[in-house]
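Biologist: I've got a protein model open and I'd like to learn how to read it. Could you take me through its features one by one?

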Amino acid sequence: MHELLEKITKLSSSLPRAERTIAEALLENPEAIERMTLAEISRESGTSEASIIRFCRRLGYNGYTAMKEAFTQANHREPASLISIAANDDMSVILNKLYKNNLEVLSDTLAIAENPYDDVLAVLLRAKSIHFFAVGDAYMAAKLSYAKFKRLGVECSAEEDIMMQMITASNLTRNDVAIAVSYEGRSRNVVDAMKIAKQRGATTVSITRRDKSPLLDYTDIRLLVSAKDLTVGRDKITRRIADQFILEALYLGYEARAGRRNREQIRHTQQAIDCNKIRTGEG
């Protein structure tokens with residue numbers, strides 16, 4: 001997690017009302033720190049410039065300009081805790097670096113105190129059906145989670161075809177839950193599907209990064225991941241590790257709370273899989 005955002009998160013609950021409003025506005029839209037002036041931040045948050053300056057000083061900066069410069073410099077370099085892979089690294093070194101990077105991302109994701117995991121679990125337990133929406137490599141995380149819920153006998157879907165995602169979203173009701181997995185929160189197809197799901201009355205949940213995005217406009221409950229991907233191809237595995245970490249926790253919580261019926265369903269499903277393996281000779 002960005003050090004400044006982490007500091008703001010930890011302080012927010014103890015701040016005076018005006019400064020807490022500023023903290024919430026910056027956590028909602030961290031990009032504003034880079035692109036907005038003091039006056040613009042004041043209008044955006046509905047607070048006075050004097051309150052913003054006091055807030056900056058509380059964080060250890062002389063004023064808004066100093067905080068903005070510090071944030072911008074940190075935001076455009078690779079976090080020191082994330083270790084880059086070098087051309088001369090052997091596989092043992094690469095594995096160790098990857099382990100450390102993934103551990104850092106998981107620790108930082110856990111540190112995001114405002115993530116309402118219990119709220120999401122509650123709506124999943126009440127849901128008639130659960131549907132996952134994602135594209136690209138995010139779809140792999142969504143599909144794995146879908147397979148696990150499906151083994152419990154839960155009515156669910158994770159359509160890869162974009163048209164099928166739209167059809168699924170258009171058939172949702174207020175008894176259903178739609179879960180989007182999108183690092184940027186800007187994938188047009190995922191945003192459109194979640195917009196439709198929300199219009200239909202479904203509870204919408206998004207797993208995404210902290211920055212403000214179009215996806216959040218159609219999200220009832222958001223779960224934030226702490227993963228920074230500055231690569232050209234946006235190909236860091238740490239992004240998907242954080243997504244899968246959250247999805248797996250939700251699945252385990254659901255399985256533990258849903259009761260005996262679901263555990264019996266898992267056993268029956270596994271027996272069917274095992275019988276098929278024996279019949280086909282698969283190991």
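Modeller: We'll go through helices, a sheet, a surface patch and salt bridges in turn.

Modeller: A word on ground rules: this is a predicted model, where local features need pLDDT of at least 70 and side-chain atom pairs count only at pLDDT 80 or more, while totals for chains, interfaces and linings use all residues. Residues are numbered from 1 along each chain as its sequence is written, and side-chain values use heavy atoms, with hydrogens and water left out.

Biologist: Let's start with helix H7. Which residues of H7 are buried?

Modeller: Helices (H or I, at least four residues) and strands (E, at least two) are DSSP runs, numbered from the N terminus. Buried means under 20% relative accessible area, exposed means over 50%, and partly exposed is in between, using a 1.4 Å probe and protein chains only. In H7, which covers residues 91-110, the buried ones are Lys-97, Asn-101, Asn-102, Val-105, Asp-108 and Thr-109. They fall within an arc of 130° seen down the axis, so they line one face of the helix. The arc is taken from the directions from the helix axis to the C-beta atoms. On the other side of H7, Leu-95, Tyr-99 and Leu-110 are exposed.

Biologist: Why do residues spaced like that point the same way?

Modeller: An α-helix has 3.6 residues a turn, so residues three or four places apart point the same way.

Biologist: How do I check the length of a helix such as H9?

Modeller: The expected span is 1.5 Å times one less than the number of residues. After H9 comes Gly-153, with a positive phi near 85°.

Biologist: Now the sheet. In what order do the strands lie?

Modeller: Two strands pair if DSSP finds at least two bridges between them. Here five strands make an open, parallel sheet in the order E2-E1-E3-E4-E5. E2 (156-157) and E5 (221-224) are the edge strands, each pairing on one side only. Four bridges join E4 (residues 203-208) to E5, and Val-205 stands opposite Ile-221 in E5.

Biologist: What about the surface? Which residues form a nonpolar patch?

Modeller: Patches are built from residues with over 30% relative accessible area and no salt bridge; like charges are joined within 9 Å, and nonpolar side chains (Val, Leu, Ile, Met, Phe, Trp, Tyr) within 5 Å. Met-163, Met-164 and Ile-167 form one, with about 280 Å² of accessible area together. Those areas come from the Shrake-Rupley method with a 1.4 Å probe, and for residues only the protein chains shown count as cover. Met-164 sits in helix H10 (residues 162-170) and is partly exposed at 34%.

Biologist: Last one: how many salt bridges does a search of the whole structure find?

Modeller: A salt bridge is a side-chain nitrogen of Lys or Arg within 4 Å of a carboxyl oxygen of Asp or Glu. The search finds eight. In one of them, Arg-58 meets Glu-19, with the closest N and O atoms 2.6 Å apart. Arg-58 lies in helix H5 and Glu-19 in helix H2, so the pair ties together parts 39 residues apart in sequence. Arg-58 is partly exposed at 45%, whereas Glu-19 is buried at 4%.
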